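Please look over the sequence and the structure before reading on.

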Amino acid sequence: MKNRLKVERAILNLTQEELAEKIGVSRQTINSIETNRFVPSTVLALKLSRLFGKSVNDFFELDDDDEK
């Protein structure tokens, strides 16, 4: 799964730590999402969506491998 979290976070000039605090997770969780080592839960994806004022689809995109 591809994601744009790092790009969107940079647009708002937030550090990983600041973003993590805002949505109630660790900085490591944010890092893991940004580096594609962790796929967030639906609840976490919705929290990110709400915080940034964008749809979940604006953040996350399925790879061709994910659709098989």
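Read along the sequence, the protein follows the pattern β-α-α-α-α-α-β. The radius of gyration is 11 Å, close to the 11 Å that the globule rule gives for 68 residues, so the protein is as compact as a globular protein of that length. The model is a predicted one, and its secondary structure amounts to five helices and two strands.

**Overall dimensions and contacts**
- Taken along the principal axes, the box filled by the C-alpha atoms of the protein is roughly 35 × 25 × 20 Å.
- Among the contacts in the protein with a separation of 6 or more, 53% are accounted for by residues 24 or more positions apart.

**Burial, surface and charge**
- Of the 68 residues of the protein, 31% count as buried.
- The accessible surface of the protein comes to about 4,700 Å², and carbon and sulfur atoms contribute 48% of that area.
- The protein carries 11 positive and 12 negative side chains, and the centres of these two sets lie 5 Å apart.

**Arginine 9**
- Arginine 9 is found in helix H1, which covers residues 5–11.
- The relative accessible area of arginine 9 is 11%, and because buried means under 20%, arginine 9 counts as buried.
- When its neighbours within four places in sequence are left aside, arginine 9 is in contact with Leu14, Thr15, Gln16, Leu19, Ile30, Glu34 and Phe52.

Notes. Residues numbered from 1 in each chain as written. Predicted model: local features only at pLDDT ≥ 70, side-chain atom pairs only at ≥ 80, totals over all residues. Heavy atoms only, no water. Helix = DSSP H or I, 4+ residues; strand = E, 2+ residues; numbered from the N terminus. Rg over C-alpha atoms; globule rule 2.2 N^0.38 Å. Buried < 20%, exposed > 50% of the residue type's maximum accessible area, 1.4 Å probe, protein only. Contact = heavy atoms within 4.5 Å. Areas by Shrake-Rupley, 256 points an atom, 1.4 Å probe, with all protein chains shown as cover. Lys, Arg positive; Asp, Glu negative; His and termini not counted. Charge placed at Lys NZ, Arg CZ, Asp CG, Glu CD.
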